[in-house]
Amino acid sequence: MFVNEETKKDTTQDLKKKQNLIKIIVLAVMVLAVTFVAKNDYGMYKTPIGRVISCEEKVTSGKKDIEKAYVQTLKIKIKNTSNKGKVITVKNKYTQSRFQTTGYSKGQDVFLNTSGSGDISKASVQKVKLDYITIFLIALFIAFTIYVAKRQTILILLSVGLNIVVFTIGLNGYAAGKNLIHLTAILTLVFIFATVILLFGFSRKSIGTIFSSIGTVAIVALIYAIIVYFSPELNYEYVPYTIGFENIEVLYDTGLLFGILGAVMDVAITINAAVCELIRVSTTLTMKKLINSIQEIAYDIMGTMINVVFFTFICGEIPVYVLKMLNGYSFIEIMKNGEEFEIIRFLVGALGIVLAIPVSGVIAVLVNHKGFKAKKEDK
Amino acid sequence: MIILALSIILFLLMSAIADERGIRAFFAIIGNIVLLVISLYLFAGRYNIYVITFVCGILFLVITLFAQNGVNVKTISSMISIAAVMLILVVIGYIVVNRYALGGFGELYTFDEDIAFLKNRIGVNANDLFTSACILGGIGAICDTALSVATVEYEVFNNNKDLPIAKLIEAGNNVGKDILGTTINTLLFAQFGDSFCIWILFIRRKYDIEGILNSKSFMQAMLMVVISSIGCLAIIPLTSVVMANILNFVKKSNKYGNLEQKN
């Protein structure tokens with residue numbers, strides 16, 4: 001009897017492992033299949049696309065040049081349009097720094113530019129084809145969510161989808177330049193609401209998180225607005241990707257606000273979840289104990305969350321910093337001439353995280369008021 | 001002015017809300033900024049970018065983990081696993097960024113005015129810089145995840161010293177899975193806020209789906225989130241295993257009385 005039970009346990013565990021393995025294989029196959037289809041979608045493009053089948057390189061710079069320059073002789077086989085199958089030879093120049101030039105390699109799919117004449121033999125290489133990577137990443141994300149979260153997968157994907165839809169509708173409003181402040185307020189509310197409800201369902205926790213996030217963002221926005229009002233005007237022309245816009249300041253402020261939403265929601269959910277759990281589990285609880293516990297959690301998460309925003313915001317601009325420094329600017333000069341925007345993003349993010357702690361604590365206690373009172377009286 | 005005002009308010013709030021730990025965290029940030037400036041000068045000195053990235057990454061971790069959270073089992077095991085993950089990310093980043101030429105100026109960046117005034121043949125490989133930016137950008141999130149996993153495993157171990165290694169690892173993995181969602185959410189929103197204007201440009205310039213999918217600017221924005229997410233994903237099992245093994249080793253040598261936080 002004993003032996004039979006042991007083997008039964010083994011077989012159910014084996015079965016689980018097998019099911020797991022099958023799941024992984026099926027998901028992997030689906031991801032690869034989608035990527036394969038995307039890689040071979042040449043027919044969907046009107047621009048000529050080719051694959052580099054050989055690449056010869058020669059150095060054209062002298063020993064005294066700061067950096068090496070190269071000339072590539074590429075043999076490219078056309079993959080679409082009426083010239084399909086033809087092999088053309090294209091010359092490509094690039095330099096070691098590769099900021100504005102690109103070095104191509106064998107096996108890459110590239111877009112070709114026939115510059116008006118339509119003559120394929122006079123084409124030049126425009127850029128690398130990237131769509132299948134994006135599709136691969138999206139498919140991987142979905143597959144991974146399905147594997148890890150199972151039941152919550154649909155919720156997470158819906159939440160992301162809803163955010164994207166709302167965002168696209170809002171974007172058109174921004175692009176048209178109308179009522180930007182109202183739009184920002186509405187979008188912020190919708191993002192917070194959609195993300196929290198769809199990720200954590202309807203519960204005291206979620207409601208507390210939503211109000212905590214809204215409260216924190218409102219306070220941060222107020223503090224930031226006051227500081228900006230009393231400070232000399234920033235040089236908003238330096239904000240990247242804003243060429244040709246009229247209302248750059250509002251766009252920057254909006255980007256600022258959206259950027260800190262994630263961090264604020266993270267802190268809010270942590271504290272709200274903890275307070276709910278404490279009130280639910282403890283037999284007796286005093287306000288002092290509760291505040292103590294919240295402070296303990298604050299110690300732990302504050303440092304690491306602030307580091308998350310520090311590295312994410314500031315390190316993203318490293319290539320531009322180095323570029324400007326090698327053009328003769330010192331670090332202080334770079335900061336005064338346009339790169340301060342990332343530091344401001346970081347500081348506002350850190351402010352949001354730090355403020356989220358007391359705000360979430362207060363709101364969590366208010367939302368759980370009944371439960372807390374009950375525990376207090378039990379003493 | 002704005003930066004100064006924000007910094008002062010931040011310092012006041014941090015010390016008010018988290019007392020001594022808050023002040024320590026504030027100075028850790030200052031330490032990180034100083035280290036960042038040094039690493040920028042090193043990059044500009046045209047030394048090997050990957051070596052600088054790895055070394056500075058480790059130093060960032062030293063400041064963030066040890067100066068802020070003290071030297072203890074949790075921070076040491078986090079450090080080991082993060083170093084390992086960084087190596088993996090350097091390899092992945094190198095292959096992907098070079099293969100798809102993702103460094104340098106995306107097509108939308110070239111419309112900006114200040115680029116016209118900057119000489120960009122500077123002798124430093126933009127692909128390497130971009131990889132470095134993605135990896136250093138992810139350190140914060142990876143560190144956060146690692147420390148959370150290690151902390152929970154430590155607490156579980158403290159309450160239950162006879163737990164077998166497998167159960168410890170399982171506990172760590174469960175915590176990691178729970179916080180992965182909010183961490184990736186934070187990263188996504190942070191990147192979205194940064195690249196907000198790119199999206200508006202996509203609409204204004206009437207990009208179609210094919211244009212967006214093939215856009216280098218778009219891929220650049222995505223890649224940072226992707227590399228950070230891969231890092232966060234990989235760090236969870238790694239930290240679980242490393243931490244569990246260290247705790248087991250310590251238990252076997254009967255020295256766990258000395259594991260109290262040296263704060």
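## Helices of chain B

A helix here is a DSSP run of H or I with at least four residues, and a strand is a run of E with at least two. On that basis, chain B of this predicted model has nine helices and zero strands. Read from the N terminus, the order is α-α-α-α-α-α-α-α-α.

## Dimensions and packing

Along the principal axes, the C-alpha atoms of chain B occupy a box of roughly 65 × 40 × 35 Å. The chain has 263 residues, and 59% of them are buried.

## Surface and charge

Chain B has an accessible surface of about 10,400 Å². Carbon and sulfur atoms account for 67% of that area.

The charged side chains number 18 positive and 17 negative. The centres of these two sets are 6 Å apart.

## A closer look at Ala25(B)

Ala25(B) sits in helix α1, which spans residues 2-44 of chain B. Its relative accessible area is 4%. The cut-off for buried is under 20%, so Ala25(B) counts as buried.

Leaving out residues up to four places away in sequence, Ala25(B) touches Met14(B) and Gln68(B) in chain B, and Gly303(A) in chain A. Val91(B) gives a reference point elsewhere in the chain. Ala25(B) and Val91(B) are separated by 66 residues in sequence. Their C-alpha atoms lie 31 Å apart in space.

Note on methods
Residues numbered from 1 in each chain as written. Chains lettered and ligands numbered in written order. Predicted model: local features only at pLDDT ≥ 70, side-chain atom pairs only at ≥ 80, totals over all residues. Heavy atoms only, no water. Buried < 20%, exposed > 50% of the residue type's maximum accessible area, 1.4 Å probe, protein only. Areas by Shrake-Rupley, 256 points an atom, 1.4 Å probe, with all protein chains shown as cover. Lys, Arg positive; Asp, Glu negative; His and termini not counted. Charge placed at Lys NZ, Arg CZ, Asp CG, Glu CD. Contact = heavy atoms within 4.5 Å.
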